[in-house]
Structures are given as C-alpha cells and as structure tokens.
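Colleague: I would like to learn how to read a ligand site and the strands of a sheet from a model. Could we go through them one at a time?

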Amino acid sequence: MLVAGVDVGSVATKVVIIKDDAFYYRTAPTGWSPREAGGQVFREALSALGCAAEQVEFVVGTGYGRVSLSFADKAVTEITCHARGAAHLVPGSSMVIDIGGQDSKVIKIDNQGQVLDFAMNDKCAAGTGRFLQVIAASLGNDVSELSDLAAGKSPLALNSMCAVFAESEVIGLLASGHDKGEIVSGLHQSIARRIASMVGRLGHSHQVTFTGGVARNESMRRSLENVLGMKVIVPEHCQMAGALGAALIARKHRPEK
Ligand code: ADP
C-alpha cells in the first residue's frame, strides 16, 4: 500500500507518504513555483523510500497550490485535510487552530476528524506566519527565534495589528529602547486574541489542537493558552497536519485490489 498527500503551502511544501502502516514526512520551502515545489518534494520523498511515482496508488493534493499538481488524483480543501490530519495526530481533538503562512483557521471537528464548522482569516496578513517572518526580520531575527525571545516576557501592549502599521510600530518601539522579548510577547498576545475571537464564534470546545508552521513557536502556544484559558496541544509534526490529512484521504480513495 503506497499513497501520498501533498500540501503546497504559501511558505512550505509538505509531503506525507503512507507505505503500508508507516508514515514518512518531508518538507521544503515552496519558493516561487508551487508546481515545481510540489513535484520535487514528492519525488524526493519517494526516492528516499526507494519507490517510484508509478507505484503510488493515490495522491491527494491540498494547500493553496493544490490545483497546480498535475500528478495528483484529487484535490481536497485545506480545511478538510487539516481537520483529518489533526484528529489523527491528537485523537479526541474537538477544535483545531491552524496558523500557516498566509492564513489562520479555526476548525470545529467531530471525533472522526470531520469538519462541523470553521472560521478563517485569509483577508488580512496580520496574524499569519508571514507576518511573523516580516516582524522577525525587522527585529534582526529568524522566525524560529521568536519563541525564545518572548519566553518569560510580559506582553507589551501594541496599538496596531495591521501588518503594515505593526511593522513600523515595532521599529519605533525598538528605537525607543523597548525590550525585544516584550515586543514579541505583545505580538503573540495580539495574534492569540484574534484567534480567540474566531474560537468564540464557534462555541465551546474541550480539546484544542494547534497546528501549522506557527505552532512550532512554543511561546505562541502559551499565549493561546493564556488568552483562551485552556490547554492547547501541539503535536509532533504539527506543520504536517494538512499533508497528513491528504494522505489519509488518499488511503481511503485508493483503488480496491
Ligand atoms: P503554509 O502552509 O502557508 O506554507 P505553514 O503551515 O507551513 O504555512 O507555516 C509557515 C509558517 O510557519 C512560516 O511563515 C513561519 O511563520 C512559521 N514557522 C516555520 N518554521 C518555524 C519555526 N521553526 N519556528 C517558528 N515558526 C516557524
């Protein structure tokens, strides 16, 4: 049994291969061409396993670049794939918060990982992974360093959550001698508040799972816990949830032998 899920995201392309009962993960930056990134990461993942593309029984594509994947047998929306993947990573999840490169979503799911309801912010750059990358750059850091910077720092109140104004506000705060960690902690808190209002729209949930690349930021997870007042779980492979969900859907669709 060999199936694949390919999630071509705005920042990173993720591939999950299910070979018999084992799961293999691979990721690389999407770069300028979603089509090329999807094909390349897919081929690399297969060659690492010593398999050929012809052996793959079913491929599901997801993510913003899913329509550009000529080798995919089916395209499935990110909401459906993230829900399925998160339910597999953390059984019992009833709500999924996914923060990726260009959007954030909150998805209410049942215990099979089926979508019951969702809220999405894909209109505004603030609160997305790219926004955090831009802010990190203006602080002279990489996005992977934001968590350590903010750890144990009290959040500085920020006036602006518009991506454009927030960047200049951050530069101004730095110039006036404010602590970097407090600024980053303040940003995390503002993002957490935005997410909390989406969570509030969907109603109560007993188990919240946090996925997407931004879930790799431990301080962001803690800010979400503080604002939501409940435990937030980040699974291993949090960034792979969409590709994993796509691979699980591919496994259901593969032709009967
Ligand atoms: P997309 O599917 O849109 O490509 P991802 O879910 O892959 O988005 O998330 C990409 C985002 O994850 C980046 O914009 C960045 O903010 C964040 N990210 C990636 N790696 C890390 C890391 N090591 N630490 C913290 N954040 C990270």
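Colleague: In this predicted model, where does the ligand sit?

Modeller: The ligand sits in the largest pocket. Among the elements, strand S2 (12–19) and helix H3 (129–138) are those that give two or more residues to the shell around the ligand, and H3 gives the most, with 3 residues.

Colleague: Which residues come nearest to the ligand, and how does the shell divide into nonpolar, polar and charged residues?

Modeller: There are 18 residues around the ligand, of which Val11, Ala12, Lys14, Gln133 and Gln239 come nearest. By class, the shell around the ligand holds 4 nonpolar, 11 polar and 3 charged residues.

Colleague: Which atoms of the protein lie 2.8 Å from an oxygen atom of the ligand?

Modeller: A polar contact is read here as a pair of N or O atoms within 3.5 Å. With that cut-off in mind, a polar backbone atom of Ala12 is 2.8 Å from an oxygen atom of the ligand, and an N or O atom in the side chain of Gln239 is also 2.8 Å from an oxygen atom of the ligand. For Gly213, a polar backbone atom is 2.9 Å from a ligand oxygen.

Colleague: How much of the ligand does the protein bury?

Modeller: The ligand taken alone exposes 580 Å², and the protein buries 89% of that area.

Colleague: Turning to the sheets, how do strands pair in general?

Modeller: Strands of a sheet pair through backbone hydrogen bonds, and the sense is either parallel or antiparallel. S2 and S3 pair in the antiparallel sense over 8 bridges, and the bridge partner of Thr13 in S3 is Ala28.

Colleague: What is the order of the strands in the open sheet that contains S8, and why is one side of S8 left without a neighbour?

Modeller: The order is S8-S7-S6-S9-S10, again 5 strands in an open sheet with mixed pairing. Strand S8 (115–121) and strand S10 (232–233) stand at the edges and have a single partner strand each, so one side of each is left without a neighbour in the sheet. Further in, S6 (residues 95–99) and S9 (residues 208–211) pair in the parallel sense over 4 bridges, and Val96 stands opposite Thr209 in S9.

Terms used: Residues numbered from 1 in each chain as written. Predicted model: local features only at pLDDT ≥ 70, side-chain atom pairs only at ≥ 80, totals over all residues. Heavy atoms only, no water. Near = heavy atom within 4 Å. Polar contact = N/O pair within 3.5 Å; in protein donor to acceptor, adjacent residues only side chain to side chain. Areas by Shrake-Rupley, 256 points an atom, 1.4 Å probe, with all protein chains shown as cover. 1 Å grid on protein atoms, 1.4 Å probe; cavity = no way out; pocket = protein on both sides within 12 Å on 5 of 7 lines; lining within 4 Å. Sits in = over half its atoms within 2 Å of the grid points. Nonpolar A, V, L, I, M, F, W, Y, C, P; charged D, E, K, R; others polar. Pairing = 2+ DSSP bridges.
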